[in-house]
Amino acid sequence: MAIEKGKILIAEPSIIGDISFNRSIILLADHNTEGSIGFILNKPLECNLGDLIPEINSTFKVYNGGPVQQDNLYFIHKVPELIPGSIKISEGLYWSGDFKHISELIRSQKIDENDIQFFLGYSGWDANQLNSELDSKTWILSENTHESDIIRAVDPSFWKDKMIALGGEYSIWSNAPEHPSYN
């Protein structure tokens, strides 16, 4: 399977102890000859959008998108017709766009958490770095079977569900404790 934007990366169970990527599911937002950019979909932070930008007054969850530029806010969404400057990831799924429009859309309740997902930081790879990590079995490259509904599909069991869906030895890992030393 070729690395392409719109695919997901599923952290191999062997990534134990990696605070950023243990049990992560990453949506690839971009991939080209210079590298790749993605967002961790399943690592909610303990803050919401209103905590970061009080004038928006929103309780939308914010996720840890990855270890790069964690002081910047990023987002994926499925409403490009409402957000100028959107960049297509795959059919029905976009990232970036005019944040002033987003603020107004949230205030006027024209979008909700089923339409958009916010991240502090992103996950990034230099040219060929992601290929090397796939070769070393750090990640499992997979189709995004949820398409634009991936924003709603994210829940605490997302990684576990992906392990079960992969089957075989992966289904055994689905029930392993996140921190084996706590066992």
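Helices (H or I, at least four residues) and strands (E, at least two) are DSSP runs, numbered from the N terminus. By that reading the protein has 6 helices and 10 strands. The structure is a predicted model, in which local features need pLDDT of at least 70 and side-chain atom pairs count only at pLDDT 80 or more, while totals for chains, interfaces and linings use all residues. Residues are numbered from 1 along each chain as its sequence is written, and side-chain values use heavy atoms, with hydrogens and water left out.

**The whole chain**

Begin with the C-alpha trace, which spans about 45 × 40 × 25 Å along its principal axes. The radius of gyration, taken over C-alpha atoms, is compared with a globule rule of 2.2 Å times the number of residues to the power 0.38. For 183 residues a compact globule would have a value near 16 Å, and the protein agrees, with 16 Å.

Next, display the surface. Accessible areas come from the Shrake-Rupley method with a 1.4 Å probe; for residues, only the protein chains shown count as cover. The protein exposes about 9,600 Å², of which carbon and sulfur atoms supply 47%. Colour by burial, where buried means under 20% relative accessible area, exposed over 50%, and partly exposed in between (1.4 Å probe, protein chains only). Buried residues make up 47% of the 183 residues. With contact defined as heavy atoms within 4.5 Å, residues 24 or more positions apart account for 62% of the contacts with a separation of 6 or more.

**The nonpolar cores**

In soluble globular proteins, nonpolar side chains tend to be buried together. A nonpolar core here is a set of buried Ala, Val, Leu, Ile, Met, Phe, Trp, Tyr and Cys residues joined through side-chain atoms within 4.5 Å. Select Leu9, Phe39, Leu41, Ile76, Leu130 and Trp139: these have the most contacts inside the largest nonpolar core, which has 37 residues. Strand E2 contributes the largest share of this core, 5 residues. A second, separate core of 15 residues includes Ile83, Ile102, Ile116 and Leu120.

**Phe39 and Phe119**

Centre the view on Phe39. Residues up to four places away in sequence aside, Phe39 touches several residues, among them Ile25, Ile26, Leu27, Tyr74, Trp95 and Phe119. Move to Phe119 in strand E9, a buried residue with a relative accessible area of 0%. Its C-alpha atom is separated by 5.5 Å from that of Asn64, 55 residues apart along the chain. Beyond its neighbours within four places in sequence, Phe119 is in contact with residues including Phe39, Leu41, Val62, Tyr63, Tyr74 and Ile76.

**Aromatic rings**

Rings of Phe, Tyr and Trp (its six-membered ring) pair if their centres lie within 6.5 Å; planes under 30 degrees apart count as stacked, over 60 as edge-to-face and the rest as tilted. The count comes to 11 aromatic pairs. Select Phe60 and Phe118: their ring centres are 6.2 Å apart and their planes lie at 50°, so the pair is tilted. Phe60 sits in the loop between helix H1 (49-52) and strand E5 (61-64), and Phe118 in strand E9 (residues 116-126), 58 residues apart. Phe75 is buried at a relative accessible area of 5%, and Phe118 is buried at 0%. Then select Phe39, Tyr63, Tyr74, Trp95, Phe119 and Tyr122, which form one aromatic cluster.

Turn to helix H2 (residues 99-107), whose buried residues are Ile102, Ser103, Leu105 and Ile106. These cover an arc of only 165° around the axis, which puts them on the same side of H2; the arc is that of the directions from the helix axis to the C-beta atoms. The buried residues of H2 pack against H1, E6 and E9.

In helix H5 (residues 158-166), the buried residues are Phe158, Trp159, Lys162 and Met163. Their arc of only 140° around the axis places them on the same side of H5. They pack against strand E1 (8-11), strand E2 (25-32), strand E10 (139-142), helix H4 (150-153) and helix H6 (169-173). Just after H5, Gly167 takes a positive phi of about 75°.

**Last stop: Pro156**

Finally, select Pro156 in the loop between H4 and H5. Pro156 is exposed, with a relative accessible area of 89%. Pro156 and Lys43 are 8.3 Å apart in space, C-alpha to C-alpha, and 113 residues apart in sequence.
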